[in-house]
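User: Walk me through this model, please. I want numbers, and the cut-offs behind them.

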Amino acid sequence: MSSRTPLAAERPLRTDPARFAAPEHEEGWPPPPHDPRERELALVVEGWEVRVFGGRKFEYFVARGFWHLQLWHPEARVSVLTPSRLTRGLYEAYPIANWKAQAPDYDRLVTLLGGLFAAKLPERSAVLRLERAFVAEVVRGSGGVLS
């Protein structure tokens, strides 16, 4: 059992810009599940890499409702996971206040990331199209659990 307290969905989003700094990791990569090296590059949209699992991880995540996309901005080193059972149905961004932070919808995600990084999130319509094509349609076509 982890001694770390899980991030609560009810926790208010922090807005103190001084707290929004990337933590220093040994190798400079985010911790799982935000490490982009765990996923394969599918395409690039407005400077953001769209990354997904392949192989056995694909099968495991789709069948259990954990299937999601990772949006990774390599220059800003920011990771966003789309909603799934893995993130309790919320968007999850890293690094925010030296850890992860969650947002219930696209607008709150933009607010969470707004002004903190040089990378601006793709427009809502682009993100929703990506989620529909890479998550909803994949899960529906596999017979898996839609998150």
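User: Among contacts between residues at least 6 apart in sequence, what share joins residues at least 24 apart?

Analyst: This is a predicted model: local features need pLDDT of at least 70, side-chain atom pairs count only at pLDDT 80 or more, and totals for chains, interfaces and linings use all residues. Residues are numbered from 1 along each chain as its sequence is written, and side-chain values use heavy atoms, leaving out hydrogens and water. Contact means heavy atoms within 4.5 Å. Among contacts between residues at least 6 apart, the share that joins residues at least 24 apart is 47%.

User: In what order do the elements run from the N terminus?

Analyst: Elements are DSSP runs numbered from the N terminus: helices are H or I with at least four residues, strands are E with at least two. The chain has three helices and six strands. From the N terminus on, the order is β-β-α-β-β-β-β-α-α.

User: What percentage of the chain's residues count as buried?

Analyst: Buried means under 20% relative accessible area, exposed means over 50%, and partly exposed lies in between (1.4 Å probe, protein chains only). The chain has 147 residues. The buried share is 42%.

User: Is Ser 79 buried or exposed?

Analyst: Ser 79 lies in strand β4, residues 78-81. Its relative accessible area is 0%, so Ser 79 is buried.

User: Which side chain makes a polar contact with that of Ser 79?

Analyst: A polar contact is a pair of N or O atoms within 3.5 Å; within protein, one must be able to donate a hydrogen and the other to accept it, and residues adjacent in sequence count only if both atoms are side-chain atoms. Beyond four places in sequence, Ser 79 touches residues including Gln 70, Trp 72 and Tyr 94. The polar contact spans 2.7 Å, and the partner side chain belongs to His 34.

User: What is the bridge partner of Glu 92 in β6?

Analyst: β5 (residues 91-96) also pairs with β6, antiparallel over four bridges. Ala 93 stands opposite Ala 101 there. The partner of Glu 92 in β6 is Gln 102.

User: Which residue in the hairpin of β5 and β6 takes a positive phi?

Analyst: β5 is mostly covered, with six of its six residues buried. In β6 (residues 99-103), four of five are buried. The hairpin has two residues between the strands, and a phi near 55 degrees is taken by Ala 97.

User: How many residues make up the largest nonpolar core?

Analyst: A nonpolar core is a set of buried Ala, Val, Leu, Ile, Met, Phe, Trp, Tyr and Cys residues joined through side-chain atoms within 4.5 Å. Trp 67, Leu 71, Val 80, Leu 109, Leu 113 and Leu 121 touch the most other members of the largest core. Elements that each supply at least two residues include β2 (48-52), α1 (55-63), α2 (106-113) and α3 (124-142). The core's residue count is 29.

User: How far apart in space are Leu 109 and Val 80, C-alpha to C-alpha?

Analyst: Leu 109 sits in helix α2. At 1% relative accessibility, Leu 109 counts as buried. Its contacts beyond four places in sequence include Val 80, Ala 103 and Leu 121. Leu 109 and Val 80 are 29 residues apart in sequence, and their C-alpha distance is 9.0 Å.

User: Why is the pair of Tyr 60 and Phe 61 classed as it is?

Analyst: Rings of Phe, Tyr and Trp (its six-membered ring) pair if their centres lie within 6.5 Å; planes under 30 degrees apart are stacked, over 60 edge-to-face, and the rest tilted. There are seven such aromatic pairs. For Tyr 60 and Phe 61 the centres are 5.7 Å apart and the planes meet at 70 degrees, so the class is edge-to-face.

User: Is Trp 99 buried or partly exposed?

Analyst: The rings of Tyr 94 and Trp 99 also pair, with centres 6.2 Å apart and planes at 85 degrees. Tyr 94 is buried at 2% relative accessibility. Trp 99 has 27%, so it counts as partly exposed.

User: Over which ring does the charged end of Arg 85 sit?

Analyst: A charge sits over a ring if NZ of Lys or CZ of Arg is within 6 Å of the ring centre and within 35 degrees of the ring normal. Ring pairs link Phe 53, Tyr 60, Phe 61 and Phe 66 into a cluster. The charged end of Arg 85 lies 5.0 Å from the centre of the ring of Phe 66.

Methods: Pairing = 2+ DSSP bridges.
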